[in-house]
Amino acid sequence: MASEPVRVAVVTGGNRGLGLMTCRRLAERGLSVVLTSRDEAAGQRAAEELAAEGLVVDPWPLDVTSDDQAQALADHVAERHGRLDVLVNNAGVMLGAAAESVLDADVDELRRSFEVNALGAWRCSRALVPLMLRHGYGRIVNVSSGLGALTDMGRGWPGYRTSKAALNVMTRLLSEELRSRGIKVNAVCPGHVRTAMGGADAPRSLDEGVDTTLWLATLHDDGPSGGFFRDCKAIPW
């Protein structure tokens, strides 16, 4: 009887914080993990950190704002691993300020927020979904935020909020397109986590922050698609 193939996962922004913890926990579960990072040296250091824990990951440089680098990643995954099963679109930026008015927002910061948070995930999905379609299986997890939820929209952080709202829309669109192809697409809100972005006083640990991402990345075939989740429970868009 043939053994099950080793699942292959790509995690963007995998060199620190939520991304690094996601790489660690997926590798511990036996997945073959491609750890991507914009800073190649930082990615290599992260891979060495995991290697010291007995975990082997494949570091690869990726700027999610580059079409060429997204395609180069897809070519690398196809050549080295031969398949792709999981994509965690984790790379993100949080520019601006909590009290910033949308009327005063810096246009360049807004543009950068969209390029990374929304278009970065779209760009990587566009390059990597064809590898999932080869085997009729895939799990895409878009790391979003409750700050992008329309039902609870407040003021401040206009670039972050609008770009995460756009990421949520992409999640719904892609989930509908891929629903019949064996690929599940969901968004996750990790909550306020102790990371470089979240700050040292945030209430959630890294493990709490990645718990729902891990669940969505390893969903059974009867699991949900097209949803927005926190703590493994659906939350409003």
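By the definitions used here, two strands pair if DSSP finds at least two bridges between them. Helices (H or I, at least four residues) and strands (E, at least two) are DSSP runs, numbered from the N terminus.

A word on the source: this is a predicted model, in which local features need pLDDT of at least 70 and side-chain atom pairs count only at pLDDT 80 or more, while totals for chains, interfaces and linings use all residues. Residues are numbered from 1 along each chain as its sequence is written, and side-chain values use heavy atoms, with hydrogens and water left out.

In general, strands of a sheet pair through backbone hydrogen bonds, either parallel or antiparallel.

Strand 2 and strand 3 run parallel, joined by 5 bridges, and P61 in strand 3 is the bridge partner of S37. With helix 2 (residues 40-51), strand 2 and strand 3 make a right-handed β-α-β unit. Right-handed means that, with the strands pointing away from the viewer, the path from the first strand over the helix to the second runs clockwise.

Two loop residues also call for attention. W157, in the loop between strand 5 and helix 5, has a phi near 50 degrees, a positive value in a residue other than glycine. D231, in the loop between strand 7 (228-230) and strand 8, is not a glycine either, and its phi is positive at about 55 degrees.

I turn to the pockets. A pocket is found on a 1 Å grid over the protein atoms alone, as an open set of points where a 1.4 Å probe fits, with protein on both sides within 12 Å along at least five of seven lines; lining residues have an atom within 4 Å of a point. Grid points are joined across faces, edges and corners, and a volume is the space filled by probe spheres set on the points.

The largest pocket has a volume of about 930 Å³. It is lined by 39 residues, of which R16, N90, G92, V93 and M197 are the closest to its centre. Helix 1 (17-28), helix 4 and helix 5 (158-178) are the elements that give two or more residues to this lining. By class, the lining holds 16 nonpolar, 16 polar and 7 charged residues. Here Ala, Val, Leu, Ile, Met, Phe, Trp, Tyr, Cys and Pro count as nonpolar, Asp, Glu, Lys and Arg as charged, and the others, Gly among them, as polar.

Which element gives the most to the lining of the second largest pocket? Helix 4 does, with 6 residues. This pocket has a volume of about 180 Å³, and the residues lining it include W122, R126, M170 and E177. Its lining divides into 8 nonpolar, 1 polar and 2 charged residues.
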